[in-house]
Amino acid sequence: YQPTSKKRLGVQFRRGKSDWQKLNQIGYNEKFWSENPIVKRTPSEEKIITSFEVDNAFENIFLNSKERIASLQHDISNDPKIIKLDTVLNKYNETNPIEKVYIQTNKDVYFKDEELWYSAFVTLGSFNYFSLASDVLHIDLIDDSNNLVVAQTQALVEGRSKGSMRLPKNLKEGNYWLRAYTNWMRNFDNEFFFNKKIQILDGSNTTLNQEKAKESNLDLQFFPEGGHLVANLSNKVAFKAIGNDGLPKDVKGKIVNSKGEHIVNITSLDRGAGFFVLEPQKGETYKAILDDNSSYNLPLVDNVGYVMTVNNSSLKSINLKIQASKELFDNEFYVIGHNQNFKYYQGKFKFNDSDLIEFDIPKNRLPSGVFVLTLMDANMQALSERILFINNSKELVITTNVVKDAYKPREKVEVNINVTDVNGVPVEADLAVLVNDIGKAYKNELGQNILTHLLLQSNIKGVINNPAEFFQDQKRSTIAKLDFILLTI
């Protein structure tokens with residue numbers, strides 16, 4: 001057998017250099033393994049291997065020097081409880097489809113009495129198809145005190161609309177919100193309406209106002225991964241520090257128990273967020289004491305429960321580790337993975353003699369977007385939940401070029417636009433183009449766009465500053481920063 005790569009094997013397991021990754025690159029020579037006399041397979045082995053060859057699943061199931069094994073689940077699609085869950089989900093999706101709105105504006109910063117131009121996109125369902133359900137779009141301009149300044153309605157044609165809004169002359173300089181929604185969306189939480197922050201300047205002011213940091217009281221919140229602190233189990237606890245001005249604050253301090261004994265240090269890592277690992281004791285209470293001597297209580301400790309720890313740093317798979325109190329070892333439980341109420345993963349487990357269940361979920365069949373893992377008991381009651389983000393980098397590739405290098409005033413400008421998928425295959429697209437004078441239109445390149453809104457912001461509550469930052473690359477640091485946000489919402 002001649003490998004296609006000269007990469008050496010046997011290196012200690014660490015990200016990017018493990019044996020299974022190198023074996024994937026070397027490739028699987030089916031002819032060699034079928035003809036090699038050393039390899040002897042039983043009929044059962046032949047059946048299993050053939051089934052994996054059909055699904056191209058060899059790269060998703062591996063053993064390595066740490067004796068981890070990827071998820072190898074039996075088919076539970078005929079499980080009565082899974083069938084019932086599917087029936088409920090399908091019925092809910094049929095009667096409660098998800099509608100989303102995205103508004104593209106010509107600028108992010110305006111002057112009073114200026115025209116705000118926009119293009120609107122309305123999608124329906126888990127796959128973000130253009131919505132045919134709504135025919136009216138509501139667009140509001142709201143000030144920082146949540147007062148309605150301007151209200152409009154626009155007709156929707158196959159999920160698309162466009163228009164403009166004249167900004168009143170008497171507006172005060174400051175920050176405003178552009179809000180958009182359909183009548184159908186009003187049946188749900190209004191936190192899922194489209195919201196975009198814009199800045200309006202006085203006509204005599206040509207510089208952007210910089211938000212000044214304000215002295216504020218600190219709010220330190222704790223978020224055990226999966227939802228609960230469970231006694232005698234290793235818990236990952238995220239935290240977030242914000243002021244009453246809504247801005248993140250950096251903090252340092254320590255975690256102590258009820259006796260004042262030091263347990264672990266804490267330091268915020270990004271946007272006021274961080275994490276620590278704690279193994280709480282039954283009947284014990286904990287609090288954080290910061291360097292300024294302020295203190296904040298941690299959530300109470302549950303005596304019995306499950307702890308679900310998720311590692312989303314790999315580009316190939318999601319790693320899950322599940323612990324449980326000994327009282328639950330004989331109980332069966334389910335793990336369901338879903339995106340916008342559409343199920344993509346299901347597993348049924350039981351601890352038996354093991355005190356830890358660990359498995360991987362391959363990402364190659366998961367859609368990009370917010371992915372939710374829910375741990376349910378045998379009665380399909382949710383006991384633990386974890387939100388994470390999948391970015392498979394399958395967005396469109398758009399290239400443009402202007403036909404001429406220079407144009408006369410009001411001369412017709414021709415622009416060639418080429419749209420393909422990541423493999424270079426041409427794709428039909430519905431596009432909106434913004435044209436502004438150079439130097440006269442501020443644009444935050446890391447701000448909200450249609451990709452960040454449809455895949456991320458519209459699926460969670462709260463505001464994410466500079467969301468496009470998390471779509472720039474797939475570095476571990478980028479994934480970790482977004483994970484902090486999803487752990488603390």
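**Close-up 1. The exposed face of helix 4.** Pro80, Lys84, Thr87, Val88, Lys91 and Glu94 are exposed and sit on the face of helix 4 turned away from its buried side. Here, exposed means over 50% relative accessible area, buried means under 20%, and partly exposed is in between (1.4 Å probe, protein chains only). Bear in mind that this is a predicted model, where local features need pLDDT of at least 70, side-chain atom pairs count only at pLDDT 80 or more, and totals for chains, interfaces and linings use all residues. Residues are numbered from 1 along each chain as its sequence is written, and side-chain values use heavy atoms, with hydrogens and water left out.

**Close-up 2. The buried side of helix 4.** Ile82, Leu85 and Leu89 are the buried residues of helix 4. They cover an arc of only 60 degrees around the axis, so they end up on the same side of helix 4; the arc is that of the directions from the helix axis to the C-beta atoms. Strand 21 and strand 22 are among what covers these buried residues. Helices (H or I, at least four residues) and strands (E, at least two) are DSSP runs, numbered from the N terminus.

**Close-up 3. Helix 4 lying across two strands.** Helix 4 (residues 80-95) lies across strand 21 and strand 22, and runs at about 160 degrees to strand 22. Angles run from 0 to 180 degrees between N-to-C directions, with axes as lines fitted to C-alpha atoms, for helices over the stretch in contact, and contact means heavy atoms within 4.5 Å.

Close-up 4. Four strands line up in the order 22-21-24-25, with antiparallel pairing. Two strands pair if DSSP finds at least two bridges between them. Strand 22 (342-349) and strand 25 (382-390) are the edge strands, each pairing on one side only. Strand 21 (residues 333-339) and strand 22 run antiparallel and are joined by seven bridges. Look for Asn339, whose bridge partner in strand 22 is Phe342.

**Close-up 5. The largest nonpolar core.** A nonpolar core is a set of buried Ala, Val, Leu, Ile, Met, Phe, Trp, Tyr and Cys residues joined through side-chain atoms within 4.5 Å. Of the 26 residues in the largest one, Val101, Ile103, Leu116, Leu137, Ile139 and Leu141 touch the most other members. Strand 3 gives the largest share, five residues. Leaving aside neighbours within four places in sequence, Ile103 has contacts that include Tyr118, Leu137, Ile139 and Phe194.
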